[in-house]
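Biologist: I would like to go through this model feature by feature. Please give me the general idea each time, then the case at hand.

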Amino acid sequence: MRYFLIVAAKDHVARGVEGGFAQAGHGRKSSLEKMAQGDWVIYYSGKETLEGGKPYQKFTAIGQVTDDAPYQVKVSENFQPWRRNLDFQQVEDLEIRPLLDDLQFITNRQKWGVHLMSGFVEIKQPDFELIAGKMLTERKG
């Protein structure tokens, strides 16, 4: 089992949660091919909306991959993104800043955003468990 972090604006994440799918890198297939059924995905949203959105800087969704391979959908003539099906968990958004010192994939605390610039990052199980544990328990409190 592997764990991934996808970076997307909060409004785009909400569409994926509603539709039960993951999309990464503006619909590119390459990142999604790295995932297998049973893998976990955490979404991080640096902004509320893609175009001119206010800073958000929170983890916004968690889901588990439920299919075997990426599939392509036709959104419009000019946009036919690749997706993966996910079973999303009910969670509360979680700010990243309080976790920076505890996340293993963040090796430079001063320039932590650099670690998210690719938009798709494989993370280790302890990082996944830290984030997921807080997102799941925060909603109970």
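Modeller: Start with confidence. pLDDT is the predictor's confidence in each residue, from 0 to 100. Helices (H or I, at least four residues) and strands (E, at least two) are DSSP runs, numbered from the N terminus. Among the elements of the chain, strand S6 (residues 82-88) has the highest mean pLDDT, 97. Helix H2 (residues 125-138) has the lowest, 92.

Biologist: What does the chain average in pLDDT?

Modeller: The average is 92, and 97% of the residues score at least 70. This is a predicted model, so local features need pLDDT of at least 70 and side-chain atom pairs count only at pLDDT 80 or more, while totals for chains, interfaces and linings use all residues. Residues are numbered from 1 along each chain as its sequence is written, and side-chain values use heavy atoms, with hydrogens and water left out.

Biologist: Next, the core. Which residues touch the most other members of the largest nonpolar core?

Modeller: The general idea comes first. In soluble globular proteins, nonpolar side chains tend to be buried together. A nonpolar core is a set of buried Ala, Val, Leu, Ile, Met, Phe, Trp, Tyr and Cys residues joined through side-chain atoms within 4.5 Å. Buried means under 20% relative accessible area, exposed means over 50%, and partly exposed is in between (1.4 Å probe, protein chains only). Here the largest core has 23 residues, and Leu 5 and Phe 59 touch the most other members. Strand S1 (3-7), S3, strand S4 (55-65), S8 and H2 each give two or more residues to this core. H2 supplies the largest share, 4 residues. Another core lies apart from it, with 15 residues, including Ala 24, Ala 61, Val 65 and Leu 86.

Biologist: What is Leu 5 in contact with, beyond its sequence neighbours?

Modeller: Contact means heavy atoms within 4.5 Å. Leaving aside neighbours within four places in sequence, the partners of Leu 5 include Ile 42, Tyr 44, Phe 59, Phe 105 and Leu 116. Phe 120, Val 121 and Ile 123 are also among them.

Biologist: Is Phe 4 buried or exposed?

Modeller: Phe 4 is buried, at 1% relative accessibility. Phe 4 is found in strand S1. With neighbours up to four places away set aside, its contacts include Met 35, Trp 40, Val 41, Phe 120 and Glu 122.

Biologist: Now the rings. How many aromatic pairs are there?

Modeller: Rings of Phe, Tyr and Trp (its six-membered ring) pair if their centres lie within 6.5 Å; planes under 30 degrees apart count as stacked, over 60 as edge-to-face and the rest as tilted. By this rule there are 5 aromatic pairs. One of them joins Tyr 44 and Trp 112, edge-to-face, at 6.4 Å centre to centre and 90° between the planes. Tyr 44 lies in strand S3 (residues 40-47) and Trp 112 in the loop between strand S7 (94-95) and strand S8 (120-123), so the pair ties together parts that are 68 residues apart in sequence. Both residues, Tyr 44 and Trp 112, are buried. Ring pairs also link Tyr 3, Trp 40 and Phe 128 into a cluster.

Biologist: Which charged residues sit over rings?

Modeller: A charge sits over a ring if NZ of Lys or CZ of Arg is within 6 Å of the ring centre and within 35 degrees of the ring normal. Lys 29 lies over the face of Trp 82, 4.3 Å from the ring centre. Arg 83 has its charged end over the ring of Phe 21, at 3.7 Å from the centre.

Biologist: Last, how many salt bridges does the structure hold?

Modeller: A salt bridge is a side-chain nitrogen of Lys or Arg within 4 Å of a carboxyl oxygen of Asp or Glu. The structure holds 7. Glu 122 pairs with Arg 2, with the closest N and O atoms 2.7 Å apart. Glu 122 lies in strand S8 and Arg 2 in the segment before S1, so this bridge ties together parts that are 120 residues apart in sequence. Asp 93 bridges to Lys 10, at 2.8 Å between the closest N and O atoms.

Biologist: Where do Asp 11 and Arg 15 lie?

Modeller: Both lie in helix H1, 4 residues apart, about one turn of the helix. Arg 15 is partly exposed, with a relative accessible area of 48%.
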